[in-house]
Amino acid sequence: MQAMLLKEYMHLEVVEMPQPSIGPDDVLVRVRACGICGSDVHGLDGRTGRRIPPLVMGHEAAGEVVESGTGVSDLRPGDRVTFDSTVYCGRCFFCARGEVNLCDNREVLGVSPGPYRRHGAFAEYVSVPRRIIYRLPENLTYEQAALIEAVSVGVHAVNLTPVVLGDVAVVIGSGMIGLATLQAVRHAGAARVIVVDPDEGRLAMARSMGATDTVNPKTTDAVEAIRAMTDGRGAAVALECVGATEPIQTAIACVRKGGTVTLVGNVAPEITLPLQSVVSRQIRVQGSCASNGEYPASIELMSSGAIQVGPLISAVAPLEEGPSWFDRLYRHEPGLMKVILRP
Ligand SMILES: [Zn+2]
Ligand SMILES: [Zn+2]
């Protein structure tokens, strides 16, 4: 089969590779669409330590069933499916508690951090366990379905955040995850969603996807602006989708006393936290990792049109063009959101 292999850091090549084999509980999927994730682009130069070559990356994918293992009886060749990026073990303490995103033996598709190497979906075929597969409704295309993983991250973050009908919510960062989170928190009952991002193009996109207000921190003091919109109190909740000191400090400063800040962004390994503001104002700081059972809800929200992903797709290209698209994303070409490859 054809696969796009990270042969060494900064060197991607479409090569011929053997088709993956499947175990009794696995399903072989013919990949029809696979999104390029920011984490794949960051992994390209080795700085994250999570994409050690040689590796086929890709964990945001959809396709059709080709073959099922002997232990799988409910999927037929041709079934349209997507799958979670997290492969959980189903046996550990956390899996038993239903916290599969916290699994002790968690592996991520298309990742090789050292202890394991799991080839992903920038390939014609990928082998995945049945337990992480979900059927696709007819009205979702493979390209749209490749964004379910990102949507599920936003839905999970909102599920961990105590939002009640009528609340004011702030979303910091309007990249892929921020825009998914914005739409999810709107549907969770936030009457007003304020999005903060330094990129005007992304703020325009946020407004088109339901943001009631947008703030550009390059030109406006975001905390002051948000306080002014909330009778000087601050928002009930903030969801931070960047992952660095400055935006996290904005998130903490813009919630009201007793508010919650949910941290989704995960870039800087350490940040400076304004401790006294968190403690004396009794702020809840909640981490949010991947998703935990939010795939069916995400599929439903997308299928019904409640969460839109179409405008987030910047380009759809054949796998052969993958290396050059990675290069463009790596160089931060402006205006690019999600690029989807078709193996
Ligand atoms: Zn991803
Ligand atoms: Zn487990």
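## Ground rules

Here, Ala, Val, Leu, Ile, Met, Phe, Trp, Tyr, Cys and Pro count as nonpolar, Asp, Glu, Lys and Arg as charged, and the others, Gly among them, as polar. This is a predicted model, where local features need pLDDT of at least 70 and side-chain atom pairs pLDDT 80 or more, while totals for chains, interfaces and linings use all residues. Residues are numbered from 1 along each chain as its sequence is written, and side-chain values use heavy atoms, leaving out hydrogens and water.

## The second largest pocket

By residue class, the lining of the second largest pocket splits into nine nonpolar, four polar and two charged residues. That makes a lining of 15 residues, with Pro20, His119, Gly120, Val126 and Ser127 nearest the centre. (A pocket is an open set of points on a 1 Å grid over the protein atoms alone, where a 1.4 Å probe fits, with protein on both sides within 12 Å along at least five of seven lines; lining residues have an atom within 4 Å of a point.)

Strand 9 (residues 125-129) gives the largest share of that lining, three residues. Strands are DSSP E runs of at least two residues, and helices are H or I runs of at least four.

Cys37 sits in the loop between strand 3 (26-35) and helix 1 (38-43), and His59 in the loop between strand 4 (55-56) and strand 5 (60-68), so the pair ties together parts 22 residues apart in sequence.

Cys37 and His59 are both buried, meaning under 20% relative accessible area with a 1.4 Å probe and protein chains only.

Technical notes: Chains are lettered from A and ligands numbered from 1 in the order in which they are written. Buried means under 20% relative accessible area, exposed over 50%, partly exposed in between (1.4 Å probe, protein chains only).
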